[in-house]
Amino acid sequence: MALLEVKDLEVFYGMIQAIKGISFEVNEGEIVTLIGANGAGKTTTMQSIMGLIPIKKGTVTYDGQDITKVPGNKIVRLGMTQVPEGRRIFQELTVYDNLLMGAYTVKDKKKIQQDIDEICTRFEILGQRKNQIAGTLSGGEQQMLAMGRAMMSHPKLLMLDEPSMGLSPLFVDKVFDIIKDYHKSGTTILLVEQNAKKALSIADRAYVLETGSISMSGSASDLLNDENVKKAYLGA
């Protein structure tokens with residue numbers, strides 16, 4: 001069953017059409033990845049799904065509900081959370097306060113504290129630096145904080161936009177291990193990623209986005225072995 005269904009999506013920036021009628025779906029329990037070069041429209045797609053960019057045409061359906069015109073803050077309450085490109089943590093707040101911000105939809109204070117303890121166990125470095133100003137963390141540590149903050153709302157669907165961007169190979173491996181581990185806990189994941197090889201290695205299915213259109217789709221393993229994908233995105 002499709003947890004997220006995007007149908008005939010069109011998005012414009014002024015007179016420029018950024019997304020050209022794309023359709024795709026994410027079934028419950030899957031990891032689905034959107035891969036493509038810079039400027040392909042991956043981030044625009046994510047932001048439009050989350051209600052951050054107006055949709056010109058098409059529909060977005062989440063868990064059976066049309067959310068095409070639902071604002072982002074209400075979408076989070078429905079169980080869908082995004083880790084944005086560039087992390088977007090609150091630089092001047094502590095690690096602890098950033099995690100608190102991720103729990104703004106949760107009313108039970110005891111549960112919030114339990115969740116923070118759990119996140120700080122999952123991300124050991126965050127537990128060690130709970131009282132540190134977030135802006136002083138390394139890029140990889142900030143990415144972990146952004147992911148931990150998103151997990152605080154217990155999303156049914158977690159959307160990750162370029163989680164490996166700007167990270168060292170060591171942190172890239174750590175981030176993808178965390179994604180796989182979190183998926184095993186029952187969370188459905190939509191992953192936008194420029195590191196196509198890493199994304200395809202953990203995904204169930206994939207879509208290739210080129211200049212606002214989907215050019216290919218299929219199982220992640222099939223695309224990982226496709227000659228055209230290898231030449232365009234895997235450096236083969």
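Some questions and answers on this predicted model follow.

Visitor: How far apart are the end C-alpha atoms of helix α4?
Guide: Helix α4 covers residues 109–122, which is 14 residues. At 1.5 Å a residue, the helix should span 20 Å. The model agrees: the end C-alpha atoms are apart by 20 Å.

Visitor: Which residues of α4 are buried, and what arc do they cover?
Guide: Buried means under 20% relative accessible area. In α4 that holds for I112, D115, I116, I119 and C120. They sit on the same side of α4, because they cover an arc of only 135°.

Visitor: What covers the buried residues of α4, and which residues are exposed on the other side?
Guide: The cover includes α3, α5 (124–128) and α6 (139–151). On the other side of α4, the exposed residues are K110 and T121.

Visitor: Which residue forms a salt bridge with E141, and is E141 buried or exposed?
Guide: The partner is R129, with the closest N and O atoms 3.0 Å apart. R129 lies in the loop between α5 and α6, and E141 in helix α6, twelve residues apart. R129 is partly exposed at 28%. E141 has a relative accessible area of 9%, so E141 counts as buried.

Definitions and conventions:
Residues are numbered from 1 along each chain as its sequence is written. This is a predicted model: local features need pLDDT of at least 70, side-chain atom pairs count only at pLDDT 80 or more; totals for chains, interfaces and linings use all residues. Side-chain values use heavy atoms; hydrogens and water are left out. Helices (H or I, at least four residues) and strands (E, at least two) are DSSP runs, numbered from the N terminus. The expected span of a helix is 1.5 Å times one less than its number of residues. Buried means under 20% relative accessible area, exposed over 50%, partly exposed in between (1.4 Å probe, protein chains only). The arc is that of the directions from the helix axis to the C-beta atoms. Contact means heavy atoms within 4.5 Å. A salt bridge is a side-chain nitrogen of Lys or Arg within 4 Å of a carboxyl oxygen of Asp or Glu.
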